[in-house]
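This report covers a ligand site and a few points of backbone geometry in one protein model. Please keep the sequence and the coordinates at hand while reading.

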Amino acid sequence: MKRAFLIGYPVGHSLSPTLQNASFATLATAARYELLETPPGELVLAVQRIAEGDAIGANVTVPHKQAIVQYLDGIDESASKVGAVNTIVKRRGRLIGANTDVEGLLRALEDAQVKLAGMQVVVLGAGGAARAAVFAIAGGGAAEITIINRTVERALSLQRSLGLYFPAVRSAVNRLDAIGKANLVVNATSVGMVPDINKTPMPLGHSVQRDAVAFDLVYRPRETHFLRDAKKAGALTIDGLGMLVHQGRASFRMWTGKEAPSARSLYAAVLDSG
Ligand code: ATR
């Protein structure tokens with residue numbers, strides 16, 4: 001039996017096992033997807049586990065998407081540009097980091113018929129998920145991206161990377177007035193995720209504008225505090241399940257060389273599991 005893992009902390013709430021095991025079952029692949037709860041400080045042990053013979057790869061989630069890079073044998077172009085890894089694949093025994101969050105996020109926006117070209121966007125967060133969001137959105141043709149993050153140094157570092165790869169995209173850091181003008185506000189922090197469902201990443205007194213789009217990468221709960229407030233303000237809301245499914249399909253393709261079941265069927269599988 002082959003195995004794929006989810007490396008993160010905490011991971012108990014994750015729907016990735018449901019998603020990936022549905023794909024393995026549908027394609028009659030003799031493999032299982034398992035949680036590998038990895039507190040900070042134990043990352044090296046998790047990487048050693050992925051190096052063992054039965055492992056075909058892993059997903060990496062909060063808070064390890066950037067820290068994992070130093071333990072891998074290499075990273076592919078998708079991950080080196082973004083500076084974050086959400087997928088590990090084995091190539092001739094070597095552990096290679098990749099990033100399928102960019103593809104996942106773009107496909108989720110596409111499903112919701114959001115056109116990024118010319119948009120003014122605010123990204124809340126500056127960790128691994130936020131890096132993928134910023135690169136996906138810049139690549140999609142946004143005109144301006146404002147990064148808002150508790151730790152300003154991380155936001156500035158992400159802004160510098162953005163400037164290197166996308167010099168034509170205007171950018172700013174921690175300019176809260178950008179929220180009220182944004183066409184799209186993305187929550188790429190972990191704030192609002194179970195169990196802290198009463199928290200919102202939105203700075204106090206600020207709101208997504210009417211007719212704008214609010215996109216939360218958090219999918220547990222499906223309707224976060226952030227999305228509930230945005231809906232009340234008249235915004236279109238997109239929850240994190242679509243992105244989960246699309247990034248997962250891309251990871252599955254990298255591990256197995258096979259196309260996963262349709263996004264629609266996997267979406268149904270994760271919804272069924274509650
Ligand atoms: P991931 O790789 O999944 O993005 P991460 O790198 O740990 O995980 O990033 C988590 C993001 O959520 C960061 O932007 C983090 O802000 P800091 O850079 O200031 O740590 C943000 N975040 C997490 N908990 C937060 C909290 N309680 N308040 C504000 N921001 C928070």
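The model is predicted, so local features need pLDDT of at least 70 and side-chain atom pairs count only at pLDDT 80 or more, while totals for chains, interfaces and linings use all residues. Residues are numbered from 1 along each chain as its sequence is written, and side-chain values use heavy atoms, with hydrogens and water left out.

**Ligand site**

The ligand is surrounded by 15 residues, where near means that a heavy atom of the residue lies within 4 Å of the molecule. The closest are Ala 129, Asn 149, Arg 150, Thr 151 and Arg 154. By class, the shell holds five nonpolar, seven polar and three charged residues. Here Ala, Val, Leu, Ile, Met, Phe, Trp, Tyr, Cys and Pro count as nonpolar, Asp, Glu, Lys and Arg as charged, and the others, Gly among them, as polar.

On its own the ligand has 640 Å² of accessible area, and the protein covers 78% of that (Shrake-Rupley method, 1.4 Å probe).

**Backbone geometry**

Most residues other than glycine have a negative phi, and most peptide bonds are trans. The bond from Val 62 to Pro 63 is cis, with omega near 5 degrees; Pro 63 lies in the loop between strand 3 (55-60) and strand 4 (74-75). Helices (H or I, at least four residues) and strands (E, at least two) are DSSP runs, numbered from the N terminus. Arg 220 and Pro 221 are also joined by a cis peptide bond, with omega about 5 degrees, and Pro 221 is in the loop between strand 11 and helix 7 (225-232).

Ala 28 has a positive phi, near 50 degrees, in the loop between helix 1 (16-26) and strand 2 (31-37). With 69% relative accessibility, Ala 28 is exposed (exposed is over 50%, buried under 20%, partly exposed in between; 1.4 Å probe, protein chains only). Asn 174 has a positive phi of about 50 degrees and is partly exposed at 30%.

**Residue pairs**

Asp 272, in helix 9 (residues 263-272), is exposed at 70%. Gln 209 is partly exposed at 26%, and its C-alpha is 44 Å from that of Val 44.
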